[in-house]
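Work through these exercises with the model in view. Try each task before you read its solution.

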Amino acid sequence: MRFIHLFLIGYFVLIVGLGLALWQLGMLNGIAPIWIAIGALVVVGVGIMLSVMSGKPAITREFQK
């Protein structure tokens, strides 16, 4: 499995864990569900951007000359 996949899986596990902790503490009760969904989309987007940035760039033969 490539590093980028492991990074993305680890990021999602971290975010799910934080979300469950906030839910269990009751901090999400006062927030409208639409804002929770918007926040989740933003967090997923940031996770994808971070995992792409941490991956090694693909070097083709054209650049190796």
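**Exercise 1. Find which residues make the nonpolar surface patch, and give its area.**

Step 1: Know the rule. Patch residues have over 30% relative accessible area and no salt bridge; like charges are joined within 9 Å, and nonpolar side chains (Val, Leu, Ile, Met, Phe, Trp, Tyr) within 5 Å. A salt bridge is a side-chain nitrogen of Lys or Arg within 4 Å of a carboxyl oxygen of Asp or Glu. Areas come from the Shrake-Rupley method with a 1.4 Å probe; for residues, only the protein chains shown count as cover.

Step 2: List the members. They are Ile31, Ile34, Trp35, Ile36, Ile38, Val42, Val46, Met49, Leu50 and Met53.

Step 3: State the area. The patch covers about 960 Å².

This is a predicted model, where local features need pLDDT of at least 70, side-chain atom pairs count only at pLDDT 80 or more, and totals for chains, interfaces and linings use all residues. Residues are numbered from 1 along each chain as its sequence is written, and side-chain values use heavy atoms, with hydrogens and water left out.

**Exercise 2. Is isoleucine 36 buried, partly exposed or exposed?**

Step 1: Set the classes. Buried means under 20% relative accessible area, exposed over 50%, and partly exposed in between (1.4 Å probe, protein chains only).

Step 2: Apply them. Isoleucine 36 has a relative accessible area of 35%, so the residue is partly exposed.

Step 3: Isoleucine 36 sits in helix α2 (residues 33-54). Helices are DSSP runs (H or I, at least four residues), as are strands (E, at least two), numbered from the N terminus.

Step 4: Find its contacts (heavy atoms within 4.5 Å). Leaving out residues up to four places away in sequence, isoleucine 36 touches Leu28 and Ile31.

**Exercise 3. Check the span of helix α1 (residues 3-25).**

Step 1: Take the rule. The expected span is 1.5 Å times one less than the number of residues.

Step 2: Apply the rule. The 23 residues of α1 should span 33 Å; the end C-alpha atoms are 33 Å apart, so the two agree.

**Exercise 4. Where is confidence lowest, and where is it highest?**

Step 1: Define the score. pLDDT is the predictor's confidence in each residue, from 0 to 100.

Step 2: Take the whole. The protein's mean pLDDT is 82, and 80% of its residues reach 70 or more.

Step 3: Compare helices. Helix α3 (residues 61-64) is lowest, at a mean of 62, and helix α1 is highest, at 87.

Step 4: Read with care. Where pLDDT is low, predicted coordinates should not be read in detail.
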